[in-house]
Amino acid sequence: MRMLRTLALLGTLLLALAACGGDDGQTSGGTGHNDADVAFATGMIPHHAQALAMVDMTAGRDLDPEVRQLTDDIRAAQAPEIEKMAGWLRDWDEPVPPTVRDHMHADDGMGDGMDGMDGESQKGENDGMGDGMGDMPGMMSGSDFTALANASDAEFQRMWLQMMIEHHEGAVEMA
């Protein structure tokens with residue numbers, strides 16, 4: 001229960017920090033946004049997509065009702081946030097970064113052996129996540145996802161919660 005409260009607090013902090021953008025960076029095109037805004041959206045889109053990939057991994061797993069509700073809440077919040085940030089980038093004439101959830105970048109939404117989850121494929125190639133995405137705070141590695149996928153239901157839930165907390169702590173650091 002402590003993990004759930006911590007994760008909920010981190011999510012709330014992330015949303016609060018995201019709303020506290022300033023004008024410290026260079027302006028980009030005079031459209032009311034700056035380089036920090038572009039960097040935030042460009043980094044947070046693949047970060048959110050990885051959280052959704054983690055949520056996708058819970059399908060068919062035996063989870064406590066509170067954890068199942070948390071997965072539903074993450075999906076309901078972060079999928080629309082990805083669309084909102086992608087819309088900002090399009091409005092600002094900035095590229096929208098590819099993610100692990102893009103069909104053109106992943107065979108089944110996860111890729112072979114979770115390639116690209118941390119910005120590096122298992123073969124050591126960049127597979128569309130973008131340069132430096134593996135350096136983003138809180139991003140899980142391919143081996144993390146493999147361990148999670150191979151875990152028993154009881155171990156999966158504990159690992160998933162710990163990874164999701166780390167993931168969202170990284171998002172707060174990014175914000």
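In this predicted model, the largest nonpolar core brings together 18 residues. The ones with the most contacts inside it are Met-54, Ile-74, Leu-148, Phe-156, Trp-160, Met-163 and Met-164. Where do they come from? H5 gives the largest share, with six residues.

Now look at how two of the helices sit against each other. Helix H2 covers residues 35–56 and helix H5 covers residues 153–174. They pack at an angle of about 170°, and their axes are 11 Å apart. Angles over 145 degrees count as roughly antiparallel, so H2 is roughly antiparallel to H5.

Which residues make that contact? On the H2 side you'll find Gly-43, Met-44, His-47, Gln-50, Ala-51, Met-54 and Val-55. Facing them from H5 are Trp-160, Met-163, Met-164, His-167, His-168, Gly-170, Ala-171 and Met-174. Sorted by class, the contact has nine nonpolar residues, six polar ones and no charged ones. Met-54, Trp-160, Met-163 and Met-164 take part in this contact, and they're also listed for the largest core.

Last stop: Arg-90, which sits in helix H3. Its relative accessible area is 49%, so Arg-90 counts as partly exposed; exposed would take over 50%. Leaving aside residues up to four places away in sequence, Arg-90 touches Glu-83 and Val-96.

Definitions and conventions:
Residues numbered from 1 in each chain as written. Predicted model: local features only at pLDDT ≥ 70, side-chain atom pairs only at ≥ 80, totals over all residues. Heavy atoms only, no water. Axes fitted to C-alpha atoms, helices over the stretch in contact; angles between N-to-C directions. Helix = DSSP H or I, 4+ residues; strand = E, 2+ residues; numbered from the N terminus. Parallel < 35°, antiparallel > 145°, perpendicular 65-115°, else oblique. Contact = heavy atoms within 4.5 Å. Nonpolar A, V, L, I, M, F, W, Y, C, P; charged D, E, K, R; others polar. Core = buried A, V, L, I, M, F, W, Y, C linked by side-chain atoms within 4.5 Å. Buried < 20%, exposed > 50% of the residue type's maximum accessible area, 1.4 Å probe, protein only.
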